[in-house]
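These are my notes on a structure that is new to me. I looked up salt bridges, then helices, then pockets.

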Amino acid sequence: MASDSPDPLMTLCTDYCLYNLEGTLCYLLDNETLRLHPDIFLPSEICDRLVNEYVELVNADTIFEHNENFFTLFSDPRSTRLARIHLREDIVQDQDLEAIRKQDLVELFLTNCEKLTAKSLQTLGSFSPTLVSLSLFGCTNIFYEEENPGGCEDDLNPTRQVLVKDFTFEGFSRLRFLNLGQMTKGVNVESLLRPLASLTALDLSGIQLNDIFFLTQWKDSLASLVLYNMDLCEEHVQAIAQLRKLRHLDISRDRLSSYYKFKLTQRVLNLFVENLVNLTSLDISGHIMLENCSSSSEDEKVGQTSISPEMSSITPFRNLKQPLQFLGLFETSLCHLSHIPAYKVTGGKSEEQVLNAIEAYTEHRPEITSRAINNLFDITRIEHCNQHLRALKLVITALKCHKYDKNIQVTGSATLFYLTNAEYRLEQSIKLRRQVVQVVLSGMESYQEVTVQRNCCLTLCNFSIPEEVEFQYRRVNELLLNILNPTRQDESIQRIAVHLCNALVCQVDNDHKEAVGKMGFVMTMLKLIQKKLLDKTCDQVMEFSWSALWNITDETPNNCEMFLNYSGMKLFLECLKEFPDKQELHRNMLGLLGNVAEVEELRPQLMTSQFISVFSNLLDSEADGIEVSYNACGVLSHIMFDGPEAWMISEPRREEVVDRMWAAIQRWDVNSRRNINYRSFEPILRLIPQGISPVSQHWATWALFNLVSVYPDKYCPLLIKEGGLLLLSDMIKMASARPETKEMGR
């Protein structure tokens, strides 16, 4: 079972402070600007966590709001210290880096911060004396500046962005790790890097360089080189072979991104194995092998596998001194071989290889990750997933990291559906399942796409509703109501969303129901019903909508009033007329009207000849066993409870309706199994101690007798808890009570 242990105290405190900055670390200056309390000093261990977790919350939690002057809280090194920070996406702007320029940063990772411009290049210089690790991955505008800063800009003459060509890493004497992945075309990489004396790790992903011979200046220090998606040539290969200190080499590529002239050969792999003697990690994913690098099948015994280099099915790797720690073979033919001399392999042959691929490529390669997740989807859909907890965590991470990437959101949300089903549920912790709920809701918020929305709704159906989503109750309801806008949504999603809405308002307390009612729940359901009426269609959406209204009005007078105010009774009559034989529909509608009838101040609105005639006629219904007749009698019992003086109509007469009610109750089998669920007997019990309407008293007594007889374990404790025994005892002594009612009471 996955751990349900709480998060570390440091994590809980960090999150609490970030959600409550004004009440903890900060105060508001002039009622608008956050300022750190003057008596606070925070070391780098805490400041780093605050900043990094803040960025995560802004990107992952829609409830968490970005504060534009957050980074100014860390502007003074005398009160706050920053050392290692990871910033990502569009929340980070030039002024944010400028705010922390006095900090002695050791590690600064900027990932896909597309709002950063050349102003931030100058700010980077402030960190040059201390910076050891720097990533500018995906910061595609950081080498651009305005051609005429401060000049006039209008629609006819927009500000032109020009490339900065004179920036270099001069003065960054301590820099060892540098990631320039996806850097802007046109920047002279060689002159940019030349001042760096002791690079040990360099990532040039997505950059096309015709000549990389300049890299040999670091042949005695470079331990990691990433050239993902660089179309190599013979000169590149020769330069790489001179980097004899390399422990990690990545020359992988996205096989779908463009046409590559370079083809990997046995000779190239031999060259790397012979010259790069320290190599422990190699990624050649996506490459087409120009010639056969694998041994013939006769050399291998069926079922035998080994990671020993001398047994390798990939012949160039037989000369390795020891197995590789990591070998990237995703979307190559080599991953299907039996003997691969590496402890961790990415590929598409097995679940292990696929999970390794998702793990290795998620952060910086969404295009590869989406295809790896697609492989995992096939495994979870067709076979059994053996490492489902690891798989679930990896998919959650990918969805959080790339919430605006369509391919990842589609494949990831579909895979979540299979990974959260009943087969795996018992082994999943509450904490992990909550993470799934949060990432599903974020996907629905961030990506308004039919397939994503459907996948997310289906995944929510794998959870116990409302128990497992109650911690995000308002958020999930808002999203579902948005989906149910009938002008924009397709039928399949509508059906799932209405089902979820119905489940969400069943078995929750009245505060939740009132809150959801105020969010527009009643109006939304009635609009759906109206649309189905226009289409003359009575399907699951229609039935679930009435069922949801039945649930949300249960002991919630405000929602009952909304139903009446939004012409709910008109729709009730139209549905009865249009669909006279739909038993489930009738049961749901009458159940809802029973809730309305329980509200004393609303009952006068039901007192019309048309409504009373309809309820009276439904007493004779045999639809859904006794349920429609029972619910119609319940509505009339509450109306009768108001006494003869409240009967404001001439037809039908009160006595006539009372007789029909008695007759209906006599017909019911008291041992009927029920299609109903009571959370409280209070509305029924209030009809017991009165003599103004004996038929109402009898209906209530019959209802209690039936429920405690057929479902004693569930309803006997409820009857005792709510004081029903005392009320029944008193009723038995009442002169006005009918003998058959007293007998049933006994």
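**Salt bridges**

I looked up Arg425 and found its side chain in a salt bridge with that of Glu468, at 2.8 Å from N to O. I count a salt bridge when a side-chain nitrogen of Lys or Arg is within 4 Å of a carboxyl oxygen of Asp or Glu. Arg425 belongs to helix α12 (residues 422-425) and Glu468 to the loop between α14 (450-460) and α15 (473-483), so the pair ties together parts that are 43 residues apart in sequence. I took helices (H or I, at least four residues) and strands (E, at least two) as DSSP runs, numbered from the N terminus.

Before going on, I noted that this is a predicted model, in which local features need pLDDT of at least 70 and side-chain atom pairs count only at pLDDT 80 or more, while totals for chains, interfaces and linings use all residues. Residues are numbered from 1 along each chain as its sequence is written, and side-chain values use heavy atoms, with hydrogens and water left out.

My classes are buried for under 20% relative accessible area, exposed for over 50%, and partly exposed in between (1.4 Å probe, protein chains only).

I then looked up Lys532, whose side chain meets that of Glu491 in a salt bridge of 2.9 Å, N to O. Lys532 sits in helix α18 (residues 521-534) and Glu491 in helix α16, so this pair links distant parts of the chain, 41 residues apart. Is Lys532 buried or exposed? Lys532 is buried, at 4% relative accessible area, and Glu491 is partly exposed, at 36%.

The next pair I noted was Arg738 and Glu740, with their closest N and O atoms 3.4 Å apart in a salt bridge. Arg738 is partly exposed at 33%, and Glu740 is partly exposed at 30%. I also found one network, in which salt bridges that share partners join Asp254, Arg255, Glu331 and Arg371. The count of salt bridges comes to 35.

**Helices**

I checked the length of α24. Its 14 residues should span 20 Å at 1.5 Å a residue, and its end C-alpha atoms are 20 Å apart, which agrees. The expected span is 1.5 Å times one less than the number of residues. α24 is mostly covered, with 14 of its 14 residues buried.

In helix α4 (residues 118-127) I listed the buried residues, among them Leu121, Leu124 and Phe127. The buried residues of α4 pack against α3 (94-99), β4, β5 (133-135) and β6 (144-146); contact here means heavy atoms within 4.5 Å.

I looked up the largest pocket and found about 1,400 Å³ of space in it. Its lining has 42 residues, and the closest to its centre are Glu53, Leu57, Ala60, Lys400 and Gln438. A pocket is an open set of points on a 1 Å grid over the protein atoms alone, where a 1.4 Å probe fits, with protein on both sides within 12 Å along at least five of seven lines; lining residues have an atom within 4 Å of a point. Its volume is the space filled by probe spheres set on the points.

Which element gives the most to the lining of the largest pocket? α13 does, with 8 residues.

The second largest pocket has a volume of about 620 Å³. Its lining has 35 residues, and the closest to its centre are Trp550, Asn551, Asn595, Ile676 and Asn677.
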